[in-house]
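Please keep the sequence and the structure open alongside the text.

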Amino acid sequence: MQDANLQRRLILDIPTGFLLLFFVMPLAALVTLSFWQTENYKIVHEWTLMNYGTLATERAYITFFLRSLVMAIGVSVTLVALSWPIAYFIVRYGGRYRIIFSLLLVIPFLSGEVLRLIALQGMLGPAGLVNGALIRMGAAPLRMIMYSNAASFIAFIYLYLPLVVTTIYLSLINFDFRLAHAASACGANRFRIFTEVVWPLNLSGTIVGFMLAFIPTLSASLVPRFLGGPNGTLYGMSMAQQFGESGTWALGAAMGVVLFLFSAIALAILSYGVDLRRTGFTGLGRQ
Amino acid sequence: MSNTSSYIRIDKVSRRYGAFKALDDVSLDISKEEFIAILGPSGSGKSTLLRLIAGLDRPTEGRIHFEGKDVTELAPHKRGIGMVFQEFLLFPHRTVRENLAFPLRMRNEAKAEIEERVEWVAGILSLSTMLDRYPSQLSGGQQQRVALGRGLVARPTLLLLDEPLANLDRELRQEMEIEIRRYQKQLGIPFIYVTHNQEEALSMSDRIAVINNGRLEALGERQAIYDHPQTPFVARFVGKSSKFQGVVQPDGATVRLARHDYEFALPPDKKFNPGDAVEIFVKNERFDISSKQDGGVGIPSTVVDVVLRGPFLEYVLETDRGDTVIAVKPKRNDPIPIRERVLLSWNPADCHIFKDGADDARR
Ligand SMILES: Nc1ncnc2c1ncn2[C@@H]1O[C@H](COP(=O)(O)OP(=O)(O)OP(=O)(O)O)[C@@H](O)[C@H]1O
Ligand SMILES: [Mg+2]
């Protein structure tokens with residue numbers, strides 16, 4: 001009896017403690033800081049809403065935020081649209097090479113994000129692979145992909161594509177394609193098989209993939225710093241600057257809270273907007 | 001294609017998986033309004049054949065025609081079929097109602113029509129109280145009924161049923177057998193009914209196709225398949241029977257059992273050479289049991305048990321050589337008592353005789 005109790009406490013308490021220590025505490029600290037002020041690189045312990053006021057009224061921050069939001073939505077939607085055919089192809093036609101394909105997807109993760117961004121900078125920059133080749137052929141370089149939002153967009157796609165493909169791949173590999181057969185025997189054409197059966201039954205996996213791209217894109221700071229150029233500042237990058245060069249930590253903390261809330265809202269909309277049972281989600285068990 | 005009377009023509013169809021032949025050169029003509037049962041043991045290729053007819057799979061060789069039109073390459077949804085899957089394959093994200101409505105929606109039926117049909121099919125399958133549940137909230141038998149309903153609901157031009165009653169209890173199964181049969185007559189379309197249950201095949205179908213190891217062993221009216229099996233496999237598989245080994249005697253006209261002291265005359269239509277080893281199959285209900293005192297001929301045996309099976313009595317007999325034989329007789333008020341010594345015999349015209357090893361020779 002004693003033992004079982006101890007075991008249960010261990011199973012419950014350790015993760016709870018872990019969550020408290022590394023997730024709730026920092027978040028609480030962040031929230032608290034966001035209601036204080038920073039003056040001359042010092043924290044002033046005075047409760048105020050000024051940081052949020054600044055974020056809500058100053059044009060630059062609003063622009064950064066909207067730019068981040070549009071970027072995150074655009075990137076995630078594009079990624080889902082790209083990943084579906086890739087994952088579908090691997091699952092349906094990969095045969096016994098499926099394992100190799102799925103491992104190939106993971107290879108980019110083996111190097112760090114910074115390294116990959118520098119490589120990408122080399123590809124997209126003024127003297128990079130693409131524009132260098134264009135110039136050598138006597139053509140004008142593509143300005144669009146040099147230090148611009150388009151460059152950031154390409155970078156996000158490049159960074160998160162393996163992640164989203166892998167998520168959707170895992171969803172599809174567990175999908176029973178005989179259900180597609182059943183639909184087709186019921187008179188469904190390919191389009192309806194997809195919309196009525198394949199898509200809804202892989203929606204939860206797709207949403208996870210979407211969120212895995214959406215959240216880091218929304219708060220990204222490295223990508224715009226390396227590739228975004230003068231008009232490419234994103235919210236997360238600006239936030240990083242508050243903690244770094246400008247030393248306005250309290251404002252940075254408020255930006256962090258805004259990002260957290262937005263990611264949480266996006267998650268809530270997607271998970272409450274979707275009736276899990278209608279996605280064939282079986283984690284609910286028999287009820 | 002030349003044969004206009006056949007509604008569905010399966011022409012020398014084979015399906016290979018690598019070197020393995022799941023179906024081997026099967027030809028079958030099915031006419032409109034026919035109820036045909038595909039009977040065979042597990043792994044014999046029944047589901048494979050259905051999948052080919054449905055278009056879910058392509059034959060390695062051979063063609064399939066519907067009403068004279070070659071449909072071998074035609075997509076399943078253009079074939080106008082209904083299908084009930086052995087594994088149910090209900091849509092887990094849709095309620096029972098939506099599962100039943102699915103084939104109707106795919107055929108773009110009007111809303112009112114869809115509702116009416118779903119009500120109808122839910123009625124005959126006793127599913128009306130669970131229309132709003134999800135498949136995961138149903139028992140196996142209930143899921144099977146939904147699968148059956150989804151196949152029946154849309155008035156297809158051909159219905160393929162893969163063991164649609166396997167998970168139902170006996171009472172419900174008999175009810176469904178009658179219901180399916182009635183529906184088939186009402187629709188006037190062919191039903192292809194896969195089963196490994198010979199009673200189901202015998203009670204429902206017009207014709208039976210027996211397949212074994214991917215090959216068509218027999219095809220014919222159910223009575224003919226039952227009474228005149230053309231191969232040892234069919235003799236063994238259709239109906240319940242006992243097998244004996246025997247040798248054709250030098251006169252070429254009588255057979256003597258190898259293990260028992262019993263001889264009987266060869267039926268005149270059976271031609272064997274003297275000395276041929278033969279297999280003899282006797283249906284359980286075709287045995288004659290006579291009392292030892294009557295002084296007839298037969299295999300000396302002892303009654304070990306008497307089992308009551310509805311209107312029949314099942315005598316479990318043990319021959320003096322130690323083999324167990326089951327003989328079925330109509331119920332009587334004075335059954336032969338247990339431990340009684342009896343003689344077991346049969347009318348030579350009622351047994352099926354094949355040359356020994358005939359099954360292997362055909363492979
Ligand atoms: N995709 C496949 N790859 C290889 N072999 C297969 C495949 N599908 C079926 N088979 C083989 O083909 C044979 C026929 O299978 P099928 O499913 O048609 O049997 P069945 O008659 O329906 O049996 P059951 O009564 O058990 O359902 C089996 O031996 C099976 O192992
Ligand atoms: Mg089968």
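How many residues of chain A are in contact with chain B, and how many of chain B with chain A? In this predicted model, 24 residues of chain A touch 29 residues of chain B. The points below take up that interface, then the helix pairs of each chain, and then the sheets and hairpins of chain B.

**Interface between the chains**

- Between them, chain A and chain B bury about 2300 Å², and 56% of this area lies on carbon and sulfur atoms.
- On the side of chain A, the residues A:C186, A:E196 and A:R278 supply 26% of the area that the chain buries against chain B, which is more than any other three residues supply.

**Helix packing in chain A**

- Helix α2 (residues 50-57) of chain A and helix α3 (residues 59-93) of chain A have axes that come within 5 Å and cross at roughly 70°, and α2(A) and α3(A) are therefore roughly perpendicular to each other.
- In this contact, A:T54, A:L55, A:A56 and A:T57 of α2(A) meet A:R59, A:Y61 and A:I62 of α3(A), and the residues of the contact divide into 4 nonpolar, 2 polar and 1 charged.
- Helix α3(A) also packs against helix α13 (residues 249-273) of chain A, at an angle of about 30° and with the axes 13 Å apart, so α3(A) and α13(A) are roughly parallel to each other.
- The crossing of α3(A) and α13(A) is right-handed, and the contact is made by A:Y61, A:F65 and A:L69 of α3(A) together with A:L251, A:M255, A:V258 and A:F262 of α13(A).
- The residues that join α3(A) to α13(A) divide into 7 nonpolar, no polar and no charged.
- A:Y61 takes part in the contact of α3(A) with α2(A) and also in the contact of α3(A) with α13(A).

**Helix packing in chain B**

- The axes of helix α2 (residues 96-106) of chain B and helix α3 (residues 111-124) of chain B come within 9 Å and cross at roughly 130°, and α2(B) and α3(B) are therefore oblique to each other.
- This crossing of α2(B) and α3(B) is right-handed, and α2(B) contributes B:R97, B:L100, B:A101, B:L104 and B:R105 to the contact, while α3(B) contributes B:I114, B:R117, B:V118, B:E119, B:V121 and B:A122.

**Two open sheets in chain B**

- One open sheet of chain B has 5 strands in the order β15-β19-β16-β17-β18, with antiparallel pairing.
- At the edges of this sheet stand β15 (287-291) and β18 (324-330) of chain B, each with a single partner strand, so one side of each is left without a neighbour in the sheet.
- The twist of this sheet averages 45° from one strand to the next.
- Within this sheet, strand β16 (residues 299-309) and strand β17 (residues 312-319) of chain B pair in the antiparallel sense over 8 bridges, and B:L308 has B:L313 in β17(B) as its bridge partner.
- Another open sheet of chain B has 5 strands in the order β13-β12-β11-β14-β20, again with antiparallel pairing.
- Here the edges are β13 (263-265) and β20 (352-355) of chain B, and each has a single partner strand, so one side of each is left without a neighbour in the sheet.
- Neighbouring strands of this sheet are turned by 35° against each other on average, with direction ignored.
- Strand β11 (residues 241-248) and strand β14 (residues 277-283) of chain B pair in the antiparallel sense over 7 bridges, and B:K243 stands opposite B:F281 in β14(B).

- Strand β1 (residues 8-17) and strand β2 (residues 20-30) of chain B pair in the antiparallel sense over 7 bridges, with B:I30 in β2(B) as the bridge partner of B:I8.
- β1(B) and β2(B) form a hairpin with 2 residues between them, and B:G18 in the turn has a positive phi of about 65°.
- β1(B) is also joined by 5 bridges to strand β4 (residues 61-66) of chain B, which runs antiparallel to it, and B:R9 stands opposite B:H65 in β4(B).
- β4(B) pairs in turn with strand β5 (residues 69-70) of chain B in the antiparallel sense over 2 bridges, where B:F66 stands opposite B:K69 in β5(B).
- The hairpin of β4(B) and β5(B) has 2 residues between the strands, and B:E67 takes a positive phi near 45° there.

Notes:
Residues numbered from 1 in each chain as written. Chains lettered and ligands numbered in written order. Predicted model: local features only at pLDDT ≥ 70, side-chain atom pairs only at ≥ 80, totals over all residues. Heavy atoms only, no water. Axes fitted to C-alpha atoms, helices over the stretch in contact; angles between N-to-C directions. Helix = DSSP H or I, 4+ residues; strand = E, 2+ residues; numbered from the N terminus. Parallel < 35°, antiparallel > 145°, perpendicular 65-115°, else oblique. Contact = heavy atoms within 4.5 Å. Nonpolar A, V, L, I, M, F, W, Y, C, P; charged D, E, K, R; others polar. Pairing = 2+ DSSP bridges. Left-handed = near helix turned anticlockwise from the far one by under 90°. Buried area = accessible area lost by both parts, 1.4 Å probe.
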